[in-house]
Amino acid sequence: MRSDNPKDKDRLEAIWKEEDIVDGQRVRALVVIFRTIGCWWSRKKGCLMCGYNQAASESGIGVEQLLKQLEAAKSKFQGEEMVKIYTSGSFLDEREIPLAVRERILLEFSTCKRILFESRPEFVTEESLSTLPADKAEIALGLESANDLVLRKCINKGFDVTDYERAAGLIKSKGMRVRTYLLLKPPYLTEGQAMKDTLTSVEFASGLSDCISINPVNVQRDTMVESLFRRGDYRPPWLWTLVEVLRQGRSKTDVRVFSSPSGAGTPRGAHNCGRCDAGVIAAIERFAFSQDLKELEDLDCECKSRWRAQVELQDAMRTSVDVDRHLADDLGLD
Ligand code: SF4
Ligand SMILES: [Zn+2]
């Protein structure tokens, strides 16, 4: 929640532990979300699915407050091999994280093997990269889609594919790692178009990435996507679509392709019929670590044929509205 209460500015947005992969090994990871002034693009225009400005502070957060947040993060650090630093924006934007704080963060977590953070491409420069430890740094770039039309019309990303290519190429040239985020099912695409768009993007990004994370849209509050969702003009992707993207995407590349879908199994996140969701999500989670396509075979449910029919129907009707929901409402099926 957006808050300009001075006390909140000392507090991290969130912190938790999970697992990830470093150099092919499953490791413990500390995830820290700093509260900052937030993403500059979200203040200007913003991506259509992004509610991250809710976590930002409009009046800014100073060095002292960020250092207090860092203290809180440090107190939870137990020598995890990986630390993931998020800001709901760009770690390399000095308006969010001033250079002095960036240096302190890198110093405090200098014992970990890998430190990951996110940045929009415009902050990836020779100068910003020179402040990072090349042997540890992994930078996550939210490419979302390798199609400029999708970036412009369906996401309003505020950069194009060549900006990503430049940033990813520069990161790689410094011997650092790139994690690419792809957005599964931006608004205005049918389920089938969304699947194809992400698969094309996996192929494109694999040449510049060390791993690719597929992020199905999770409908966030006060966003354009939420307005579409409320009136039945948008449905988050089916989990079957995500499974298909992981299955086919993995076959197209040697890099790790995985997903940790937030809000999965709920109406606002990627979901199926409700009966099979937990089993499918568990398989996706296992696949994230094993990369074994067998995890994604033999998944089945009655709703799979309904999903296939929806994919065909939306494409035949050339509409991205939530046909399933409208039919269910009209026929009283759900
Ligand atoms: S670039 Fe990222 S944080 Fe900024 S508005 Fe877009 S999705 Fe949100
Ligand atoms: Zn089902």
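Me: Leaving aside residues up to four places away in sequence, what does Glu 244 touch?
Reply: Glu 244 touches Met 195, Gly 249 and Trp 307. Keep in mind that this is a predicted model.

Me: Where is Glu 244 placed?
Reply: Glu 244 sits in helix H9.

Me: Buried or exposed, this Glu 244?
Reply: Glu 244 counts as buried, because its relative accessibility is 16% and buried means under 20%.

Me: And how far is Glu 244 from Leu 296?
Reply: Along the sequence they are 52 residues apart, and in space 8.6 Å, C-alpha to C-alpha.

Me: What about Leu 246, buried or exposed?
Reply: Leu 246 also lies in helix H9. With 0% relative accessibility, Leu 246 counts as buried.

Me: Which residues does Leu 246 touch, again not counting those up to four places away in sequence?
Reply: Leu 246 is in contact with Ile 214, Val 257, Phe 258, Ser 259, Ile 284, Phe 287, Leu 293 and Leu 296. As for Pro 216, which is 30 residues from Leu 246 along the chain, the two C-alpha atoms are separated by 11 Å.

Me: How many residues of H9 are buried?
Reply: Of the 14 residues, 10 are buried, so H9 is largely enclosed by the rest of the structure. Among the buried ones are Leu 239, Trp 240, Gly 249 and Arg 250.

Me: What covers them?
Reply: The cover includes strands E6 (177–184), E7 (211–216) and E8 (256–258), together with helices H7 (191–206), H10 (277–290) and H11 (303–317).

Me: What span should H9 have?
Reply: Helix H9 covers residues 239–252, and at 1.5 Å a residue its 14 residues should span 20 Å. The C-alpha atoms at its ends are 20 Å apart, which agrees.

Me: New topic, the sheet. What is the strand order?
Reply: The sheet is open and has eight strands in the order E1-E2-E3-E4-E5-E6-E7-E8, with mixed pairing.

Me: Which strands stand at the edges?
Reply: Strand E1 (14–22) and E8 do. Each has a single partner strand, so one side of each is left without a neighbour in the sheet. On average, neighbouring strands of this sheet are turned by 25 degrees against each other, direction ignored.

Me: In what sense do E1 and E2 pair?
Reply: E1 and strand E2 (residues 25–33) pair in the antiparallel sense, over nine bridges.

Me: Which helix packs on E1 and E2?
Reply: Helix H2 (residues 63–76) touches both, and its direction makes about 55 degrees with that of E1. Another helix, H7, lies across strand E5 (137–144), E6, E7 and E8, running at about 170 degrees to E6.

Me: Now the loops. What is the phi of Asn 156?
Reply: Asn 156 has a positive phi of about 60 degrees, although it is not a glycine. Asn 156 is in the loop between helix H5 (148–155) and helix H6 (161–173), and is partly exposed at 24% relative accessible area.

Me: And the phi of Asp 222?
Reply: For Asp 222 the phi is positive too, about 55 degrees, and Asp 222 is not a glycine. Asp 222 lies in the loop between E7 and helix H8 (224–230). With a relative accessible area of 54%, Asp 222 is exposed.

Me: Last one: which residues are around ligand 1?
Reply: Cys 39, Trp 41, Ser 42, Cys 47, Met 49, Cys 50, Tyr 52, Ser 88, Arg 120 and Lys 157 are around ligand 1. By class, this shell has six nonpolar, two polar and two charged residues.

Conventions. Residues numbered from 1 in each chain as written. Chains lettered and ligands numbered in written order. Predicted model: local features only at pLDDT ≥ 70, side-chain atom pairs only at ≥ 80, totals over all residues. Heavy atoms only, no water. Near = heavy atom within 4 Å. Nonpolar A, V, L, I, M, F, W, Y, C, P; charged D, E, K, R; others polar. Helix = DSSP H or I, 4+ residues; strand = E, 2+ residues; numbered from the N terminus. Expected span 1.5 Å × (residues − 1). Buried < 20%, exposed > 50% of the residue type's maximum accessible area, 1.4 Å probe, protein only. Contact = heavy atoms within 4.5 Å. Pairing = 2+ DSSP bridges. Axes fitted to C-alpha atoms, helices over the stretch in contact; angles between N-to-C directions.
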